Structure formats: structure tokens, C-alpha cells
Amino acid sequence: MNRIFSGGLDALQCQVQHPFEKAVAFYLFGSLHKFFFNDNKCTSRLMMNGILMSAGIDALSIPTNKAQLFNEKMVRFYLDKDATEMMDFLVNCHLDTKN
């Protein structure tokens, strides 16, 4: 797990330039691989928001009215390991909080 975690962090650092994309990718990476003892989604979300805020970007939260949709999309992400749908969903959640 340490090797996968280190490799993922290196890849994010070297290959993903935009801080928002890097933060969301870390969230999905950490949630999928379950690196932490417990509360992997919560811990990964905390790390994601730390990345965002260190880049001067507002933290991201999932609106209550989108919780069910979030859970459905996360299940699909866990099954097919394609982050496209979740990345789009999280971008839109962040944009919704701006309006």
C-alpha cells in the first residue's frame, strides 16, 4: 500500500498541474484505495480540501440535496474505476456553491 500511495502522489504531483483537478483526483485515489485506517472518504475529502485551500481555492462540499446522487456515482466509480463521472460531478458541486 505504501508503494501505491507514494506512486500515486508522485503521479499527481508530476502529471496534474491544475490544483482543483489534483485535489479531486487525490480524493478519488484515496477513497478507492482505502489507505487510511478508517473513514477513507472523510480523510481523503479533508486532504482534497487542504490541497484546494493551499492553492487559494474554496473548499468543496457535497450539498445535502445531492448526497444520494453522490453515493450512486461513487458506487459506479468503485465498480468501473473510471473517474470521469465523479470528476464532472465534483466540479459542478463546486460551481454550485459559487452561485
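Biologist: Where is the place of Met 87 in this one?
Modeller: Met 87 has its place in helix H5, which covers residues 84-98, and please keep in mind from the start that this is a predicted model.

Biologist: And which residues is Met 87 in contact with, leaving aside its neighbours within four places in sequence?
Modeller: With those neighbours set aside, Met 87 is in contact with Glu 21, Val 24, Ala 25 and Leu 28. Taking Val 24 from that group, its C-alpha atom and that of Met 87 are separated by 6.7 Å, although the two residues are 63 residues apart along the chain.

Biologist: Switching to pockets, what volume does the largest pocket have?
Modeller: The volume of the largest pocket is about 150 Å³.

Biologist: Which residues line the largest pocket?
Modeller: Met 87 is one of them, and the others in the lining are Gly 8, Leu 12, Ala 25, Leu 28, Phe 29, Leu 32, His 33, Phe 77 and Ala 83. By class, the lining has eight nonpolar residues and two polar ones, with no charged residue.

Biologist: Which elements give two or more residues to that lining?
Modeller: Those are helix H1, residues 2-15, and helix H2, and the largest share, five residues, comes from H2.

Biologist: OK, so how do the axes of H1 and H2 cross?
Modeller: Their axes come within 10 Å and cross at roughly 165°, and the two helices are therefore roughly antiparallel to each other. As for handedness, H1 passes H2 in a right-handed crossing.

Biologist: Which residues make the contact there?
Modeller: On the H1 side the contact is made by Ile 4, Phe 5, Gly 8, Leu 9, Leu 12 and Gln 13, while H2 brings Lys 22, Ala 25, Phe 26, Phe 29 and His 33. Sorted by class, this contact has seven nonpolar, three polar and one charged residues.

Biologist: What about H2 and H3, how do their axes cross?
Modeller: The axes of H2, residues 19-33, and H3, residues 40-54, come within 8 Å and cross at roughly 165°, which makes H2 roughly antiparallel to H3. H2 passes H3 in a right-handed crossing.

Biologist: Which residues make that contact?
Modeller: From H2 the contact takes in Pro 19, Phe 20, Ala 23, Val 24, Phe 26, Tyr 27, Gly 30 and Ser 31, and from H3 it takes in Asn 40, Lys 41, Ser 44, Arg 45, Met 47, Met 48, Ile 51 and Leu 52.

Biologist: How many of those are nonpolar, polar or charged?
Modeller: In the contact of H2 with H3, 10 residues are nonpolar, four are polar and two are charged.

Note on methods: Residues numbered from 1 in each chain as written. Predicted model: local features only at pLDDT ≥ 70, side-chain atom pairs only at ≥ 80, totals over all residues. Heavy atoms only, no water. Axes fitted to C-alpha atoms, helices over the stretch in contact; angles between N-to-C directions. Helix = DSSP H or I, 4+ residues; strand = E, 2+ residues; numbered from the N terminus. Parallel < 35°, antiparallel > 145°, perpendicular 65-115°, else oblique. Left-handed = near helix turned anticlockwise from the far one by under 90°. Contact = heavy atoms within 4.5 Å. Nonpolar A, V, L, I, M, F, W, Y, C, P; charged D, E, K, R; others polar. 1 Å grid on protein atoms, 1.4 Å probe; cavity = no way out; pocket = protein on both sides within 12 Å on 5 of 7 lines; lining within 4 Å. Points joined across faces, edges and corners; volume = space filled by probe spheres on them.
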